There are 2 protein chains.
Amino acid sequence: MTKILIVDDEEDILDFLSYNLKKEGFEVWTALNGMDGLEMANKIRPQLIILDIMMPEIDGIEVCRRLREQPQFHSTIITFLTARDEDFTQIKALDVGGDDYIAKPIKPQVLISRVKALLRRNKLEEDDNEKIIEVSDLKIDRQRVQVLRGEEIIDLPKKEFELLLLLVSRPGKVFTREEIYHKIWGSDVIVGDRTIDVHIRKLREKIGSDQIKTLKGIGYKFDF
Amino acid sequence: MTKILIVDDEEDILDFLSYNLKKEGFEVWTALNGMDGLEMANKIRPQLIILDIMMPEIDGIEVCRRLREQPQFHSTIITFLTARDEDFTQIKALDVGGDDYIAKPIKPQVLISRVKALLRRNKLEEDDNEKIIEVSDLKIDRQRVQVLRGEEIIDLPKKEFELLLLLVSRPGKVFTREEIYHKIWGSDVIVGDRTIDVHIRKLREKIGSDQIKTLKGIGYKFDF
DNA sequence: CTAAAACTTTACAATTTCTTAAACTTGTAA
DNA sequence: TTACAAGTTTAAGAAATTGTAAAGTTTTAG
């Protein structure tokens, strides 16, 4: 299901956009200001974010900038809503990493087709680059740096995510400690003997302990 | 990213090779003498090592020999640089486990294509290495460190797996105790006389006792 | 600058694997 | 038959490896 987040300070507009997008089968979430928007984006990890530019406190441009700072939103599609007469912002909007802008007043037809076009474009890029990896009951989304088990979002810190990604890159293959160490820490970082174990432990805690198997004296493997 | 380590005592040559390889997108590291080369090899774990043969103190041949002693370099590609008039060393170079040699003066084109060919070859061998060994009713999967008999998964501890792998590497061949001892424990570990027997017994217990035959006074073999 | 999160280390506990010692078999030659 | 040589089996405990909680350190977000 495609998740869309809309951030706008006018409830009327939220309702209007929401209604039209839901009718098309999207899962729509809304926020009434920039701060809530940022928070919600992190919580639901939408594929597409629609930001009104003109908002009190934190405007859309700033929200976009802050989103793009976080790696998990590097490839999220962000589009702006602009009043017709503030088209000067186009430049700035694209500067901070926006993908498109939609001019008010918004016609439902235009909105829908624009949104679909954006998602389609993104989908192509995604297929080309990095697909979502599915193993057993997990979906691992490299772009968004998140793991899904069913509907549940499992947020993993960087090292744990890398570790999982490594193990899952070849399900079943046994990775030696050396191999893990070299691939994740590299040759110029020195970490103690128990570091890998501890990360493995945390991973097991979060994704379930059956999946990662220990082979004593050899290494670890992801069993599926 | 493919890492290449070049060891040569002449900076000009290092620069020249380095420049040409980097242009092709390789990650190049250099060392000015054998000792540094060995150290650096251990630190960066390159896929390919280029060694000049003529070097003061420790020459390329010796560096290669020392590298090959360490298991982590068993499958690293090592190639030599030789002056045209010292081609007598070819023999020695291949003796100590070199994969190829490149004659000076070096032409960039030759260098690049040779390096690429070597890396390609290695990749194929790696794939080869990943093959599952099938003997009689067993499938031995090195990647997963597990044995399959039909649908049944047989997990073996490290030593037993190594032992099976050894016996199965040449089905029918008789391995003496000495040979087994040397290949699995190596020369610096001392274990008692009965240790091999016990491991053989456990293997028989798990994979069936018909397959491993005892030849009294001689050794063991895997019958198929 | 502070708090929180992420990461690493430490110090033991727990577990698995390996080795050994000793009793038991088997084959064989005197 | 007996004695010996070689191998097998068993069970116990040594050794090696990994798991865990908690504390310490570093990084990041606000």
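**Paired strands and crossing helices**

Modeller: Welcome! In chain B, strand 11 and strand 12 (residues 219–222) run antiparallel and are joined by four bridges. This is a predicted model, in which local features need pLDDT of at least 70, side-chain atom pairs count only at pLDDT 80 or more, and totals for chains, interfaces and linings use all residues. Residues are numbered from 1 along each chain as its sequence is written, while chains are lettered from A and ligands numbered from 1 in the order in which they are written.

Colleague: What makes strand 11 and strand 12 of chain B a pair?

Modeller: Two strands pair if DSSP finds at least two bridges between them; here there are four bridges, so they pair. Strands (E, at least two residues) and helices (H or I, at least four) are DSSP runs, numbered from the N terminus.

Colleague: Why is helix 6 of chain B called oblique to helix 7 of chain B?

Modeller: The axes of helix 6 (residues 158–169) and helix 7 (residues 177–184) of chain B cross at roughly 125 degrees and come within 11 Å. Axes are lines fitted to C-alpha atoms, for helices over the stretch in contact, and angles run from 0 to 180 degrees between N-to-C directions. Under 35 degrees counts as roughly parallel, over 145 as roughly antiparallel, 65 to 115 as roughly perpendicular and the rest as oblique, so helix 6 of chain B is oblique to helix 7 of chain B.

Colleague: Which residues of helix 6 of chain B meet helix 7 of chain B?

Modeller: B:Lys159, B:Glu162, B:Leu163 and B:Leu166 meet B:Ile180, B:Lys183 and B:Ile184 in helix 7 of chain B. Contact requires C-beta atoms, placed from the backbone, to lie within 7 Å.

Colleague: Moving to chain A, how do you know that strand 3 of chain A is largely enclosed?

Modeller: A residue is buried if 20 or more other C-beta atoms lie within 10 Å of its own, exposed if 12 or fewer, and partly exposed in between, with C-beta atoms placed from the backbone. Five of the five residues of strand 3 (residues 48–52) of chain A are buried, so the rest of the structure largely encloses this strand. A:Leu48, A:Ile50 and A:Asp52 point one way, and A:Ile49 and A:Leu51 the other.

Colleague: Which residue stands opposite A:Ile49 in strand 3 of chain A?

Modeller: That is A:Leu5. Strand 1 (residues 3–7) of chain A pairs with strand 3 of chain A in the parallel sense, over four bridges.

Terms used: Two residues are in contact if their C-beta atoms, placed from the backbone, lie within 7 Å.
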